[in-house]
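Hi,

Here is the structure I promised to pass along.

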Amino acid sequence: MKRVVITGMGIYSCLGNGLEAVRQSLYDGKSGIIFDPARKEMGFRSALTSYLEVPDLKKELSRAQRVYMPEQAKYAYVATAEALKNAGIDMDYLEKNEVGLMYGNDSSAEPVFRSITTMLEKRDTTLVGSGGIFQSMNSTVTMNLACIFKLRGINLTVSGACASGSHAIGLGAMLIRNGLQDMVVCGGAQEVNPYAVGSFDGISAFSTRESDPTKASRPFDRDRDGLVPGGGAATVIIESYESAVRRGAPIIAEVLGYGFSSNGDHISVPNVDGPSRSLQMAIKEAGIDIREIGYVNAHATSTPVGDRNEAKAIYNVFGDYKVEVTSTKSQTGHEMWMAGASEVIYSTLMMKNGFIAPNINFENPDEDSAKLNIPAKRIEKKFDTFLSNSFGFGGTNSTLIIRNL
């Protein structure tokens, strides 16, 4: 079984465009959450969201390329370009080697809405435009990235709800470990437009703490009242250790373990058993003692039941070992299909720079979070291994363990 290493990272987030801007925001405990008046006008219960500008790619891509790209594919392009550059990979390498692509995405709502609106209003399907079908498919991110970057290995979208980005990295690592690919571009992308999350708002999933947006996302806090939607894109380049050494690539970290499970239970309410088994599987595959794990990036989205059950699962696995646990969603909101990949990058940036970002807005623990070590302030700490959780609707769970190199 081959070792799997991370050689490049790139991110387009509400915390910043690029690794350095994001690192600084994490260090400062900055929130990327705003109040969006347009959502209130649309009838949303909650107008809270993370804030991102859609990148203008006119100087980088042709119109023929851009016409097939919805919002989240543009985020993914920016993140992937940064990751490839940092990994020392140019177009010549991509054209001469079979590089794979495994990216998480589970919706493309705005293009679907616009296409259907055009058909209903104009009664002429030809007016939808040539890009409509390619923008509206769940696989839109991978089809665009594969064509733009000339990727010739596996080309697959992972549609695993809010665990999509994490599963993409874990599955990519499995391919490399088994010698089926030398390198895979992995990540996750999430559209930020209101059409993508209106149904979430309709089931009262969102915080309504609108008077102070930066205080709304409060994972593990006793007074949490729901999540805040976010998005963007995050890309990690993973490859076999042999490939990285052969290229003389910068080796950032190693993917030690990947755990997964299904709750086999309620479609939207998480349980404790499923997440516990995902953690245990990742730790077993990593072949490490839990005390080697110096930080846990929790899935915790700021929902009452979800945070409580994850706290129970973490305590079930770690017991009296009080490793620091935080949820970066306190700063970013829930980045959904992107979250599993972005949180690997957030955690890696912390690990490489010797700190743990604060779990902001954590003011009062509840009965379950009180059993965990959740720092509300930034911690200066050197650690070499972290665990990252990602869970999703339908009971899909993914856990990754990453070690510093």
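Below is what turned up when I went through the aromatic rings and the charges over them. Keep in mind that this is a predicted model.

Let's start with ring pairs. The count comes to 10 aromatic pairs. One of them is Phe200 with Phe206: the ring centres are 6.2 Å apart and the planes sit at 5°, so this pair is stacked. An angle under 30 degrees is what counts as stacked. Phe200 has 12% relative accessibility, so it counts as buried. Phe206 is buried too, at 1%.

Now for another pair, Tyr258 and Phe260. Here the centres are 5.2 Å apart and the planes make an angle of 50°, so the pair is tilted. That angle falls between the cut-offs of 30 and 60 degrees. Are the two partners buried or exposed? Tyr258 is buried, with 4% relative accessibility, whereas Phe260 comes out at 37% and therefore counts as partly exposed.

Finally, the charges over rings. Which residue lies over the face of Tyr241? That would be Arg3, at 4.5 Å from the ring centre. Tyr315 has a lysine over its face: Lys371, at 5.3 Å from the centre of the ring.

Cheers

Note on methods
Residues are numbered from 1 along each chain as its sequence is written. This is a predicted model: local features need pLDDT of at least 70, side-chain atom pairs count only at pLDDT 80 or more; totals for chains, interfaces and linings use all residues. Side-chain values use heavy atoms; hydrogens and water are left out. Rings of Phe, Tyr and Trp (its six-membered ring) pair if their centres lie within 6.5 Å; planes under 30 degrees apart count as stacked, over 60 as edge-to-face and the rest as tilted. Buried means under 20% relative accessible area, exposed over 50%, partly exposed in between (1.4 Å probe, protein chains only). A charge sits over a ring if NZ of Lys or CZ of Arg is within 6 Å of the ring centre and within 35 degrees of the ring normal.
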